[in-house]
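Subject: Structure handover

Hello,

Here is the structure for your files. My notes on it follow below.

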Amino acid sequence: MSNIIQNKQEKRAEYRAMFRSNVKNRLLVDKIMMGVVFACVLIAITPLLWILGTLFYGGAEALSWEFLTGEPGAIGEGIPPAIGPAIQGTLIIIGLSSIVGIPIGVMSGIYLAEFGGNWFSKQIRFFTDVFMEFPSIVLGVFAFLLIVLFLGHFSVWAGAFALSLIMFPIIARATEESLKMVPWSIREAGAALGLRKWIVTLRIVLPAAKNGIITGILLSVSRVGGETAPLIMTILGSSQFFSGFDSPMDALPLRIWRFSLQPYDEARLAGWGAALVLVITILAIHIGVRYWFIHKRKKTDMIPRLSKIGV
């Protein structure tokens, strides 16, 4: 009897030793993996911080009220030219292209995620993926041939059209993937309550996928905010403030490109300053949109949402 008890105690001690060893090994592996993940995060963030630091170091000296609000003027006088028309044009072209590209992209994503599944939707998805990889200069040439040559002059409409062609495939794919992540039980609950499919999609499923859709929209805004090639072919550029949608207009990417071609030190300084302003503008749009749509607006659960519909 004593031998049996002794064997059980030995086995328990052995199990405890094995358990402690396994725990130590797991903790060691956990610490190693946390270190690897942290190192990867540092590797990913370092280029961003490097770029931001370089932009701030090179362009902060040029920032002033006159630089941000004045017209470019003549280059070679020792004073950095201003970028007021470029800032105004960038905001106008982003806003106008968003008005065109965002609804088309969101509606396309809704169709692919909620009403697709047939041969036609598969072809649309394929061509959307191909369209998303098109070089931007090709879309600029297309807008030039379709609008600029037809109208006979460069215009803001042509630039907004070219940039919207870049925006809507990104938004469509982001919307589709975000809607697919919404649990299917939510759709079934809406159907069980007698709601039409389009009501369930627009009033329940779409708000549930809001965060992913907003992320796709912001990614597309970041993409078009720095495009230069399509703007060269469509809005051409100008040294004056906005004068109409049927005339050339300046933009920050165009102005940075033109400053980079100048041999003067003040032009290079203005180029660094314009690049810094462009990055700050895109970051401000990102932070403002996320704060308003994600943190500021009240989150409603499904019951109040259904009560608004009338169930």
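A residue is called buried here when its relative accessible area is under 20%, exposed when it is over 50%, and partly exposed in between. By that criterion, 36% of the 311 residues of the chain are buried. Please keep in mind that this is a predicted model. The average pLDDT of the chain is 85, and 86% of the residues reach at least 70. Residues 299-311 have a pLDDT below 50; this stretch still makes 19 contacts in the model beyond near neighbours in sequence.

Overall fold

The chain has 13 helices and 0 strands. Of the contacts between residues at least 6 apart in sequence, 76% join residues at least 24 apart.

Nonpolar core

The largest nonpolar core contains 43 residues. Within it, I83, I93, L231, I235 and L252 have the most contacts. Helices that each supply at least two residues of this core are α3 (84-115), α6 (156-180), α8 (197-208), α9 (210-225), α11 (252-260) and α12 (265-296).

What does I83 touch, leaving aside neighbours within four places in sequence? The list is F67, L68, G70, L252, R255, F259, A274 and V277. Two residues in that list, R255 and F259, also form a charge-over-ring arrangement: the charged end of R255 sits over the ring of F259, at 5.6 Å from its centre. Another case of this kind is K197, which lies over the face of F115, 5.4 Å from the ring centre.

Aromatic pairs

A search of the whole structure gives 7 aromatic pairs. One of them is F131 with F168, whose ring centres are 5.6 Å apart. Their planes meet at 35 degrees, so the pair counts as tilted. F131 belongs to helix α4 (residues 119-132) and F168 to helix α6, so the pair ties together parts that are 37 residues apart in sequence. F131, F134 and F168 together form one aromatic cluster.

Two single residues

S220 is in helix α9. Its relative accessible area is 0%, so S220 is buried. Not counting residues up to four places away in sequence, S220 touches M167, I170 and I171. The C-alpha atom of S220 is 9.3 Å from that of G101, although the two residues are 119 apart along the chain.

L236 is worth a look for its backbone. Most residues other than glycine have a negative phi. L236 is not a glycine, yet its phi is positive, at about 70 degrees. Where is L236 found? L236 is in the loop between α10 (229-234) and α11. Its relative accessible area is 32%, so L236 counts as partly exposed.

Regards

How values were computed
Residues numbered from 1 in each chain as written. Predicted model: local features only at pLDDT ≥ 70, side-chain atom pairs only at ≥ 80, totals over all residues. Heavy atoms only, no water. Core = buried A, V, L, I, M, F, W, Y, C linked by side-chain atoms within 4.5 Å. Buried < 20%, exposed > 50% of the residue type's maximum accessible area, 1.4 Å probe, protein only. Helix = DSSP H or I, 4+ residues; strand = E, 2+ residues; numbered from the N terminus. Contact = heavy atoms within 4.5 Å. Phe/Tyr/Trp six-rings, centres within 6.5 Å; stacked < 30°, edge-to-face > 60°. Lys NZ or Arg CZ within 6 Å of the ring centre and 35° of its normal. pLDDT = per-residue confidence, 0-100.
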